[in-house]
Amino acid sequence: MKAGIAIALATAATLCASGAAAQFANQPTDGKKLSETPKSTLPASIAPAPVGAGGMMIFIDPVTGKIRQPDAADIAELLSQRPPTAATFVAQPFVNPIPGGGVGVKLDSSFENYMVVTKKADGSLLMDCLPDARKAADAVANGLKSGEILRKKEVLDVQ
Amino acid sequence: MFSRMRLAVLLAFGALVSPAAFGAATITIVNADPAGVGFNDPTVVAPVGGNAGTTLGQQRLIAFQAAGNKWGATVTSAITIRIQAQWTALTCTATSAVLGSAGATEVFRDFTGAPVAAHWYGKALADKLNGTDLDPATADINANFNVNLGQAGCLTGTFFYLGLDNLHGANIDLVTVLTHEFAHGLGFQTFTSGSTGAQLAGFPSSWDDFLFDTTTALTWTAMTAAQRVTSAINTQKLVWTGANTVAAVPGVLQLGLPLLGVSAPAPVAGNYIVGTAAFGPAVSSPGVTGEVAQVLDTAGNLGLACTALSALNAASVAGKIALVDRGTCTFKTKTLNAQLAGATAVIIANNAAGSPPPGLGDDATIVTPITIPTVSITQADGVTLKASLATRSRMHSGMTANVGLNLSFRAGADSSNRPFMYTPNPFQSGSSVSHWDTSAFPNQLMEPAINADLTHEVTPPNDLTFPLLKDIGWN
């Protein structure tokens, strides 16, 4: 990670972990935020949704001081600062009355499933569906291991 | 708030919703992209594989519709199923990427029409069972897909194939990935954590009643959290018991599961999970039956078989099934040395903990034909068998086994036709439990990896996804 953006990243991480992140773009990243999203004036292309983010994150270039596109290392480092999503999820009771009774809970993006792909040296593709945002980010940063993917017709260890 | 704000945004960009409903349910793709991005990308493209869209954005939306249509023609619901979808920048490197993600936005329990009290149901299914939209302000499923895939630095040069004919070549078939992810959103997942065993807000998922551990003889609903954690890594011992799926298995999964069956001595008798080899003859039925002999050619009682076997070892394995250890040289080298010593089959014990045992890759530098079958077993099973063999005489082990295709099983299910869930050890965060085991064959849509040979079908005789969804309440 580049020096100088740690504060901005840490701030974003805190906001996301708390589920209280301001939405910097006009697209929510999960159902939890659907009814909370303010309209934005920033184009989505400069405020992308990193995998597993509970809300939008914003990255400040330490040199220019301007918002910029984060690279994979930025995102991986930011996500690594977050506690495991499964452990931090707090069920939010559904607030509106349910016709006929019942209980509802809004889910955050930790309940989504992430399809990850890695291209091997021979050009073959390995895929894995990882319903954990951090695992998905780690898999992208480090590449899927052969032990994590289907073995039947994929690249196998020879030794 | 959502409806007003979202509607305003969507109208502003001229892309409200795309109805994708021609079956027993209406599935609507809610285009949540801003102008010029994702579904609204104006880049002009040529039609491809039955996708007649003329812009990149249109083709993306048509592909989403196709996956939605597949499910809309399969499941039945009087309530429109809304999938909010957007294309965003997801994590990438030049060689790896998150393709996309999807999941249910909400879960409900104890609503009118719930088949089982005090169990969570994903929103789309809860709406269907209740007969009303339990939260009209919220979509049923949320989906994010990677807008940069194929560009420099994001799985460079490999793109989503947007055709509808599955002729994706070296690219990634978007419709297949979407069909898989939408299935998760429709309910092909537990909301109970496999890594901690914790139930969502203290209640089980409808899914958990059908997860049955054959070791403890308990469902996930009946287990403690600690038992669920153990069950989540109990490879090929966690099965799905739903009646629709069990009934469908014989028509979907191929008969025969590669196994190591040990018939004697009694203390170690039983079936052992194996990995198969990409070289030599395929494991077949009735397979190879014979005495098991351990190769001992290295200090520490390891039998690496990386060089020609000694005369004593050769005499020991001749006419028998050779048990060797993984390590130092290629799998094929070990098999070749055992074959040259007269072995009839080879079992390679893994040298690292974990389950299932690994598949065995080929070594193209060895051109000598391999004529005997080879399988791998876990390190733990290797320790068990070697401990038993420690009481052997040099020339007779007293251990009898079969390396073969066990016709009491279908590929990916137990002897009662209950499909195995994906429970690798160590736990692969998230992949576990909410997918079929990778031993399933033919390959299934809801295995953790998308296989290139998948069709777009979600029903028997091709696929078990819909039978499972029927088990939890769809029809």
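View 1. Cys306(B) is partly exposed, with 21% relative accessible area. Here buried means under 20% relative accessible area, exposed over 50%, and partly exposed in between (1.4 Å probe, protein chains only). Cys329(B) is buried, at 10%. The two cysteines form a disulfide, with their sulfur atoms 2.1 Å apart. A disulfide is a pair of cysteine sulfur atoms within 2.5 Å. The link is left-handed, with -85 degrees about the S-S bond. The pair links distant parts of the chain, 23 residues apart: Cys306(B) is in the loop between β16 (288-294) and α7 (311-317) of chain B, and Cys329(B) is in the loop between β17 and α8 of chain B. Helices (H or I, at least four residues) and strands (E, at least two) are DSSP runs, numbered from the N terminus.

This is a predicted model: local features need pLDDT of at least 70, side-chain atom pairs count only at pLDDT 80 or more, and totals for chains, interfaces and linings use all residues. Residues are numbered from 1 along each chain as its sequence is written, chains are lettered from A and ligands numbered from 1 in the order in which they are written, and side-chain values use heavy atoms, leaving out hydrogens and water.

**View 2. The disulfide of Cys92(B) and Cys154(B).** The sulfur atoms of Cys92(B) and Cys154(B) are 1.9 Å apart, and the two form a disulfide. This pair also links distant parts of the chain, 62 residues apart. Cys92(B) is in the loop between β3 (81-88) and β4 (96-104) of chain B, while Cys154(B) is in the loop between β7 (141-146) and β8 (160-161) of chain B. Cys92(B) counts as buried, at 11% relative accessibility. Cys154(B) is buried too, at 3%. Over all chains the count is two disulfides. With the bonded cysteines of chain B numbered in sequence order, the pairing is 1-2, 3-4. Cys129(A) is in no disulfide; the nearest cysteine sulfur, that of Cys92(B), is 17 Å away.

**View 3. Helix α8(B) on its sheet.** Helix α8 (residues 331-340) of chain B is mostly covered, with nine of its ten residues buried. Among the buried ones are Phe331(B), Leu336(B) and Ala338(B). Their cover includes β17 (321-325), β18 (345-349) and β19 (374-377) of chain B. The helix lies across these three strands, at about 140 degrees to β18(B). Axes are lines fitted to C-alpha atoms, for helices over the stretch in contact (heavy atoms within 4.5 Å), and angles run from 0 to 180 degrees between N-to-C directions. Gly342(B) follows α8(B); its phi is positive, near 100 degrees.

**View 4. The eight-stranded open sheet of chain B.** The strand order is β14-β13-β20-β16-β17-β18-β19-β15, with mixed pairing. Two strands pair if DSSP finds at least two bridges between them. The edge strands are β14 (270-273) and β15 (275-276) of chain B, each pairing on one side only. β18(B) and β19(B) run parallel, joined by four bridges. Ile348(B) has Ser376(B) in β19(B) as its bridge partner.

View 5. Domain 2 is 206-254 + 414-461 and domain 3 is 255-409, with bounds from an automatic or database domain assignment. Their centres, taken over C-alpha atoms, are 27 Å apart. Domain 2 of chain B gives eleven residues to the contact, and domain 3 of chain B gives nine residues.
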